[in-house]
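Here is a short briefing for a reader new to this structure.

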Amino acid sequence: MAIWDYANPTRFLRLVQIILPWLIGLCVIAFAAGLYMTFFTAPDDYQQGATVKIMYIHVPAAWLAMMCYSIMAISSLGTLVWKHPLADVSAKAAAPIGAAFTFMSLVTGSLWGKPMWGTYWVWDARLTSVLVLFIMYLGLIALWRTMEDPIKAGKAAAILTLVGALNLPIIKFSVEWWNTLHQPASVMRMGGPTIATSMLIPLFVMAIAFTLLFFVLHLMAMRNEILRRRVRAMRLKAAATARPATVTATAQPAE
Amino acid sequence: MDLGTHAGFIIASYAVCLAVVIGLILWVVIDRKRQEADLEELAEQGITRAGAAKGDTGQTGPKTSEAAKA
């Protein structure tokens, strides 16, 4: 089925109506399973002890923070190159969700860092580049709020999003390019994961749960954005219809 | 379930995530109610969405972003 089939917002809203309950159900099941494994079956780390449980929310939040920005970058291409009508709706709806996941990643990383590293924060390349990602999200949200016309705002935000996408490889490879306090990749790496399977499975289940949560929230936020644009269009139409009458009623003869 | 000597950090991490997720859910739910209330208010004023029926016919592949406005 072509992506253009969902260029029509009404058709897209109908699709959301159908798949949203299923996604919500899967998301709840995935979280229940993931949290059960995290707290009742996953072993403590031989060095970190129970503090490793923070990893099961920190790592998926960090992955989602980057995935969300990647989706925004693809949506931005959709806005600028293919002019897909829902592309800027998708990008705008994703920004607050991405900011929230990035915030979660920063806070949980910080709370893990204090007992493990002895500090809440260091200005190393990984932490700093993720902070830049968070600031990028906030900047994009501000940009969308600054411009009244959603189409103009969408184009400006798309350009800024694509420029900001340069930060994604910097985040990913920062632990390899520079000496950082943050440990190197231990799951998505050449040669396979270095984490024990008993920890890897709960981590993947939690990652699936976070991903489903993202899609649930993204679809709901996209639906809201479409409705917001309908309200705006209707208000503009009503104002345009009312204006000639008002002008006629208030017109004064020139002196 | 023993969370060890750093239980406070673990609980704080999960509490922050829970608060953020609840915040996101409230944001989308409240926003939807607001948009639907606005649409109802406009409908009560007799302002309806022109072309709604046409939209249902499922136009595909428009080359501008105008369709998202309507």
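In this predicted model, 52 residues of chain A are in contact with 45 residues of chain B. The two chains bury about 4500 Å² between them. Of that area, 71% is on carbon and sulfur atoms.

**The interface of chain A and chain B**

- Three residues stand out on the chain A side: Phe39(A), Asn224(A) and Met234(A). Together they supply 13% of the area that chain A buries against chain B, more than any other three residues.
- The rule finds two salt bridges across this interface.
- Arg235(A) forms a salt bridge with Asp38(B). Their closest N and O atoms are 3.7 Å apart.
- Three residue pairs are in polar contact between chain A and chain B, counting pairs with both residues at pLDDT 80 or more.
- Four helices of chain A each give two or more residues to the side that touches chain B: helix H1 (9–41), H2, H3 and H7.
- H7(A) gives the largest share of that side, 16 residues.
- By class, the side of chain A that touches chain B has 32 nonpolar, 14 charged and six polar residues.

**The largest pocket**

- The volume of the largest pocket is about 970 Å³.
- It is lined by 37 residues. The closest to its centre are His58(A), Val59(A), His182(A), Gln183(A) and Ser186(A).
- Elements of chain A that give two or more residues to this lining are helix H2 (55–82), helix H3 (87–117), helix H4 (125–146) and helix H6 (167–177).
- H2(A) provides the largest share of the lining, seven residues.
- The lining divides into 24 nonpolar, 10 polar and three charged residues.

**The second largest pocket**

- The second largest pocket has a volume of about 660 Å³.
- Its lining has 25 residues. Closest to the centre are Lys92(A), Arg145(A), Glu225(A) and Arg228(A), together with Asp31(B).
- The largest share of the lining, eight residues, comes from H7(A).
- Which classes make up this lining? The residues divide into 12 charged, 11 nonpolar and two polar.

**Elements to look for**

- H7(A) gives the largest share of the side of chain A that touches chain B, and also the largest share of the lining of the second largest pocket.
- H2(A) gives the largest share of the lining of the largest pocket, and H2 of chain A also gives two or more residues to the side that touches chain B.

Terms used:
Residues numbered from 1 in each chain as written. Chains lettered and ligands numbered in written order. Predicted model: local features only at pLDDT ≥ 70, side-chain atom pairs only at ≥ 80, totals over all residues. Heavy atoms only, no water. 1 Å grid on protein atoms, 1.4 Å probe; cavity = no way out; pocket = protein on both sides within 12 Å on 5 of 7 lines; lining within 4 Å. Points joined across faces, edges and corners; volume = space filled by probe spheres on them. Nonpolar A, V, L, I, M, F, W, Y, C, P; charged D, E, K, R; others polar. Contact = heavy atoms within 4.5 Å. Buried area = accessible area lost by both parts, 1.4 Å probe. Salt bridge = Lys/Arg side-chain N within 4 Å of Asp/Glu carboxyl O. Polar contact = N/O pair within 3.5 Å; in protein donor to acceptor, adjacent residues only side chain to side chain.
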